[in-house]
Amino acid sequence: MPDAARTDTRQAHRVTTEPCAKRVRVQFNGETVADTTEALLLFEPPITPVYYIRLKDIPERFRVPTDHSTHCPFKGDACYWNITVGDRVAENALWSYPDPISAVPELKGHAAFYWNRMDRWLEEDEEIFVHARDPHVRIDILPSSRRVEISLDGTVLADSTQALFLFETGLPVRYYIPAEDLRHDVLVVSELETACPYKGVADYHHVDLAGTRHENLVWHYTSPVREAAPIRDYHCFFNERVDIRVDGLLQHRPKTKWSAK
């Protein structure tokens, strides 16, 4: 790669960190394998934020060094540990940059976990899911008396003047509908469950219409995280896959990773 092109790539890929005053805990096989109030939150778009925790806040008895290593042009050479608790091992689940590059010297003495190789993460006493919450992402949940009509292939699935409009940074507006304004006879419980760091764990329904099953078209949160409490037991359809009218005006179907059926 020419030097100029390499410089442009480095400038385009920016790595920054912010100190985090929250108490962050990581749990595995019933043990707390990290507990800190001095984490760093690393931002490396488009990658989701990552907690870097001081090594002294990750007890050595849970860390077993391995021969695995990787190189990142934006952070340096990483070494790895297995996390071992009782009879369970999470292989190469923890990494650190012993000598980070000059752009991120603050990473020295810190380490990061692969999120999904651990069992549970807590910010203070609240469980969080999927990845560290980005303080630059905002959710606004607003009640609205505007009429929201949701239909599919000409069949009305929901009609409400008491929906909650959820505005989330970088995502389409989501329309959460109270249960009494849904057509329940076409809903079929799904086994799918997903998690969101900003809302919690979601359950799903299929929609059966005229012999066709539209899989996992509707979701709801029975126990949302505190900040998303208003949407408890409200139901939301994928804008990408249904027709939504707000006060009679047809909304466009956004193109996202959820567009495909």
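What joins the side chains of Glu126 and Arg133?

Author: A polar contact does, at 3.0 Å. Bear in mind that this is a predicted model, so that distance is computed from predicted coordinates. Glu126 sits in strand β11, which covers residues 126-128. With a relative accessibility of 18%, Glu126 counts as buried, because the cut-off for buried is under 20%. Arg133 also turns up when you list what Glu126 touches beyond its neighbours within four places in sequence: the contacts are Trp121, Arg133, Val225 and Arg226.

Now for another glutamate, Glu168, which is found in strand β15. Glu168 has a relative accessibility of 11%, and it therefore counts as buried. Its side chain has a polar contact too, this time with the side chain of Lys199, at 2.7 Å. Leaving out neighbours within four places in sequence, Glu168 is in contact with Val137, Arg138, Ile139, Tyr198 and Lys199. Take Tyr198 from that list: Glu168 and Tyr198 are 30 residues apart in sequence, and their C-alpha atoms are 9.2 Å apart in space.

Next, the strand that holds Glu168. β15 runs over residues 163-168 and pairs with β16, residues 174-177, in the antiparallel sense through three bridges. Within that pairing, Phe165 stands opposite Tyr175 of β16. Both strands belong to an open sheet of seven strands with antiparallel pairing, and the order across it is β12-β15-β16-β20-β19-β18-β17. At the edges are β12 (139-144) and β17 (187-196), each of which pairs on one side only. Going from one strand to the next, the twist averages 35°.

The largest pocket has a volume of about 630 Å³. It is lined by 25 residues, and the closest to its centre are Leu171, Ala195, Cys196, Lys257 and Trp258. As for elements, β15, β16, β17 and β19 (212-220) are the ones that give two or more residues to the lining. β17 gives the most, with four residues.

Last stop, strand β4, residues 39-44. Six of its six residues are buried, so β4 is largely enclosed by the rest of the structure. In a regular strand, side chains alternate between the two faces of the sheet. Here Ala39, Leu41 and Phe43 point one way from β4, while Leu40, Leu42 and Glu44 point the other way, and all of them are buried.

Strand β1, residues 16-20, runs antiparallel to β4 and is joined to it by five bridges. Getting from β4 to β5 takes a hairpin through two residues.

Conventions: Residues are numbered from 1 along each chain as its sequence is written. This is a predicted model: local features need pLDDT of at least 70, side-chain atom pairs count only at pLDDT 80 or more; totals for chains, interfaces and linings use all residues. Side-chain values use heavy atoms; hydrogens and water are left out. Two strands pair if DSSP finds at least two bridges between them. Axes are lines fitted to C-alpha atoms, for helices over the stretch in contact, and angles run from 0 to 180 degrees between N-to-C directions. Buried means under 20% relative accessible area, exposed over 50%, partly exposed in between (1.4 Å probe, protein chains only). A polar contact is a pair of N or O atoms within 3.5 Å; within protein, one must be able to donate a hydrogen and the other to accept it, and residues adjacent in sequence count only if both atoms are side-chain atoms. Contact means heavy atoms within 4.5 Å. On a 1 Å grid over the protein atoms alone, a cavity is a set of points where a 1.4 Å probe fits but cannot get out, and a pocket is an open set with protein on both sides within 12 Å along at least five of seven lines; lining residues have an atom within 4 Å of a point. Grid points are joined across faces, edges and corners, and a volume is the space filled by probe spheres set on the points.
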